[in-house]
Amino acid sequence: MSEPSAQSQPLVEFREVSKRFGAGPLVLDQITLATRPGDFVSLIGPSGCGKSTLLRLIAGLTSVSSGTLTVDGLTPEAAAAELAFVFQEPTLLPWLTVAANIELPLSLRGILPAERVATRQRVLELVRLNPKASAYPRQLSGGQKMRVSIARALALSPKILLLDEPFGALDEMTREHLNEELLAIRERHAWTAFFVTHSVAEAVFLSNRVLVMSANPGHIHTEITIPFAYPRTEQTRLSRDYHDLVAKVSRILRSVETDTV
Amino acid sequence: MSRRVLNILLPALTGALVLAVWHAIHLALSEDLRFLLPTPGAILEAFRTNGDVLARAALNTTKGALLGFTSAVIISFFLALTLSLSSLVRVSLYPYLMILQMTPVIIFAPILVIWAGAGLPSVSIITFLICFFPLVVNTTQGLVSTDRNLVELFAMWRTSRVQQLLHLRVPAALPYFFTGLRIAATLAPIGALVGDYTAGSSAGDGGGLGFQAIIYSSQAKYPALFATAATTCILGFIFTSAVLALSWLALHHWHESYENTDK
C-alpha cells in the first residue's frame, strides 16, 4: 500500500454541496472536500452534524440539494460498482449462511458460481473466518458478524469503502483488534475509506485525515492530518505523538460540541 | 428422573387422571342421565363399531380442509404481495378484509349450497374463508416489516424490485407467514367440520365428520358423537403437527424462535 499521492485525480469530490431533507433545516452546508485514492478519511462530530448523511450522499442512497458531488468522475448513482457500504449493524441476512451472505451480492451482479466461491474464500481468509463459512449469523459473536460484513463489502472489490460506525456496538478490546485487522487488510487491497465514528482514538489510529464536523447546519470545522506511516500497529497506539494527536482532536471536538449546545 | 421422561410421563398421568374423574362422574350420575356422558370405554367401543364410517367421514373432512386451506395459502400469498406494494393499496382494501373476517360465514352456508353445491365445494369454500384472513394479515405484515437496514443494503447494491422481493422481502416474511399458517392449520379442520355441519351432504361420498355428527345426535348415539369429536381432534392434531414440522424445517437454522431448541 503506497501513501496517498497528491498528484492524482480526486476520487470523491464535493463542491459546495448542501443537503436538506424536504423543507427541513439544512443538514449539510457548503461542503467542499476532495479525496485522493488511498485516503482514509474519518468523520467525527456531535450527533446531528450530518456525518452519516455525507456518507449516504457518496453512496447514492440520497442526493445532494445543491452543489456537485462526483465519485471517480461519475455521479454517485452511476458509480455504484465502485462503492461498498458497511453499516453500523452487520446487516447479514439471518436465513443465509456466512458463505451465502458473502456470495449473494456477487450472484445479484451475475457473477458465475466458480468465481463467487473463489472470491468468498479469499475475503473470508482476510478476516480469518473461513472455518465459519457454513455457520448462520446467529451462531457468530458480534465481532465475527462485523468481520463477515466487512468481508462481504470487500468481495465486491470496491474502490471506495464507506463505513458508518461499524465498530460502534463492540467492546473496546474487539474494536481495537478489528481496527488493526482493517488496516492490515488495507495493506493488501488499495481502497479509499470514509469512516464515521464517535471514537477519537479510532479515528486517529485509522486515518490519514480526520475531519471534525460541527452541527446545525453540518459543516467541516477542522481537518487534522495524521502523519503516521502505514502500516500502523499496536506500537503506534503506545507512541507519544499518537496520544498528543488524540488529545488535540478531543479538544477540538469538545469545543465544537460546546458551541453546538 | 430426566426431564425428557418427565415430559412424557406427566401429561400421560394428567390424561389418566382426567379419564378416571370422567368415569367417576359418569357413575355419580343417576341411571337415567348416564347416557349424556358416555364413559371413555363406551366411546372407545363406539370407535370400534363405527370405525369404517368415521374413517370415511374423516377422509371427506380432510379433503375439504386441505382444499380450502391450500387455496387460502396460495391466494392469500398473492393478495399479500399486492397489499405489500403500497400503503395506498392497503388503505383501500384493509377495511373490506376486516369486514370479510367479521362476517359469520356460516350464515351464508345455505346460499353457498345453492351457488356451489352441497358437500365438498361448499365445505372447502367455507374453510377457505375461515383460513384466509390470518394468512393475509400475517404475510402482509411480514412483507412490509423488512428490516430497514437490509432494505438500505439492497438499495446500495442497486437491485431490482424483483430481486429485492425474492432475496429479501419474501424470506424475511417467512416467520410471519408461518404464524399465519399455524393459526390457519388449527382453523382448517374446525372450518371444514362446521362447513360440513351446515352445508354437508350424504350424496356421493357420504359426507364428512360434521354431517356424521348430525346423524349421530339425531339417533341419540352419544358415544359415537363423542368419537366423532375425538376424530376431529386427531385431525386437527395432524394438521397442526404437519405445519409445525414445516415451520421447523424452514426456520430452525436461523430464526430466534428456535434459538434454544437445536443447540
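The area buried between domain 1 of chain B and domain 2 of chain B in this predicted model is about 550 Å², and carbon and sulfur atoms give 80% of it. Buried area here is the accessible area (1.4 Å probe) that two parts lose on being put together, summed over both. On the domain 1 side, W22(B), H23(B) and F35(B) lose the most area to domain 2 of chain B, together 58% of what that side buries. The domain assignment places domain 1 at residues 1-37 and domain 2 at residues 39-258 of chain B, with bounds taken from an automatic or database domain assignment. The C-alpha centres of the two domains lie 31 Å apart. Seven residues from domain 1 of chain B and five residues from domain 2 of chain B take part in the contact, defined as heavy atoms within 4.5 Å.

Zero salt bridges are found across this domain interface, a salt bridge being a side-chain nitrogen of Lys or Arg within 4 Å of a carboxyl oxygen of Asp or Glu. The side of domain 1 that touches domain 2 of chain B consists of five nonpolar, two polar and no charged residues (Ala, Val, Leu, Ile, Met, Phe, Trp, Tyr, Cys and Pro count as nonpolar, Asp, Glu, Lys and Arg as charged, and the others, Gly among them, as polar).

Between the chains, 24 residues of chain B are in contact with 23 residues of chain A. About 2,100 Å² is buried between chain B and chain A, 66% of it on carbon and sulfur atoms. M156(B), W157(B) and W254(B) supply 32% of the area that chain B buries against chain A, more than any other three residues. One salt bridge is found across this interface; the side chains of E152(B) and R56(A) meet in a salt bridge at 2.3 Å, N to O. Six residue pairs are in polar contact across the interface of chain B and chain A (both at pLDDT 80 or more). On the side of chain B that touches chain A, α7(B) gives the largest share, seven residues. That side divides into eleven nonpolar, seven polar and six charged residues.

Residues are numbered from 1 along each chain as its sequence is written, and chains are lettered from A and ligands numbered from 1 in the order in which they are written. Local features need pLDDT of at least 70, side-chain atom pairs count only at pLDDT 80 or more, and totals for chains, interfaces and linings use all residues, while side-chain values use heavy atoms, with hydrogens and water left out.

Notes: A polar contact is a pair of N or O atoms within 3.5 Å; within protein, one must be able to donate a hydrogen and the other to accept it, and residues adjacent in sequence count only if both atoms are side-chain atoms. Helices (H or I, at least four residues) and strands (E, at least two) are DSSP runs, numbered from the N terminus.
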